[in-house]
Amino acid sequence: MECRHCASPLEKPGDFCLVCREKNTAAIVLEAARDRATLTMLASDDADEPVIGETTVTTTPEDGENEVVELRNFAGLLGDEIRRKRPEEVYASGERAVIRAVRTDVHYPFYRVDDEDSVEAVLERRGDRALEVVETPPAEKIGGSHTTLIGGRSGMRAIHTVADHPHVKKVIPGPIDAGGKGSQSGLRAKVTRADDGGNVRMLIRNGSSVQENRVVTTAPNRELGERIRDDLNDVLAESEFQ
């Protein structure tokens, strides 16, 4: 394949061009199973051919102590393929353990997609109006008059998990209600239905205590807010808060 900007040859389809310093891949769709994963490279929305190509990476899953190293190596190979494209965003479906490991290895906006045809779903999704991306670090997005967070370090990690989302502007912790029903399942977090302005609520439960936190997003309406809500709940699930 040649670079679509300067026609220089590329080692792999969709690679970032080291000659003209331009990217050829706008987004990547990662479809992950435990033993193999396919990366589909997508061009920008104005391209004549939206799908540039695909790459498949395989592994032989290990058991016991070797599994941690094997999974990390598998994620590292996938991360290398993503980094050489330098996409604007990554859409992921399939095995949560693999996605979680890849998300840890690379630093691009990740979005969960669960449709049967992931690539087609992402092409339709990218056709919608793009949402503003917030570059502010997670710690700087947390504010409000209530400074106490439920669950100590675990609660702070849950808040940071949501605040790290690229379409979250601010997380405003609310008061803690200690009158709820007790739970032995540890700290749990869930993002509720979006309002008409596209903002959501994050409920954190720890034992009999509950804290409702307001999450301000870049979504202009309920429909796009619901999309962000789904992303946030997937991230919380992958981080084992659900």
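Colleague: What makes the largest pocket a pocket and not a cavity, and what is its volume?

Modeller: In this predicted model, the largest pocket has a volume of about 1000 Å³. A cavity is a set of points the probe cannot get out of, whereas a pocket is an open set, so the word "pocket" says that this space is open.

Colleague: How do you know which residues line the largest pocket, and which lie nearest its centre?

Modeller: A residue counts as lining if it has an atom within 4 Å of a point. For the largest pocket 42 residues line the space, and Tyr108, Pro109, Phe110, Tyr111 and Pro166 lie nearest its centre.

Colleague: Which elements supply at least two residues each to that lining?

Modeller: Strands S4 (89-94) and S5 (110-112) do, along with helices H2 (96-105), H3 (118-126), H4 (152-163) and H5 (222-238). H5 has the largest share, six residues.

Colleague: What is the make-up of this lining by class?

Modeller: There are 18 nonpolar, nine polar and 15 charged residues.

Colleague: And the second largest pocket: what makes eight of its lining residues count as charged?

Modeller: That pocket holds about 200 Å³ of space. Its lining consists of Arg112, Val113, Asp115, Ala121, Glu124, Arg125, Arg227, Asp230, Asp231 and Asp234. Asp, Glu and Arg count as charged, while Val and Ala count as nonpolar; therefore the lining has eight charged, two nonpolar and no polar residues.

Colleague: Which element gives the most to the lining of the second largest pocket?

Modeller: H5 does, with four residues.

Note on methods:
Residues are numbered from 1 along each chain as its sequence is written. This is a predicted model: local features need pLDDT of at least 70, side-chain atom pairs count only at pLDDT 80 or more; totals for chains, interfaces and linings use all residues. Side-chain values use heavy atoms; hydrogens and water are left out. On a 1 Å grid over the protein atoms alone, a cavity is a set of points where a 1.4 Å probe fits but cannot get out, and a pocket is an open set with protein on both sides within 12 Å along at least five of seven lines; lining residues have an atom within 4 Å of a point. Grid points are joined across faces, edges and corners, and a volume is the space filled by probe spheres set on the points.
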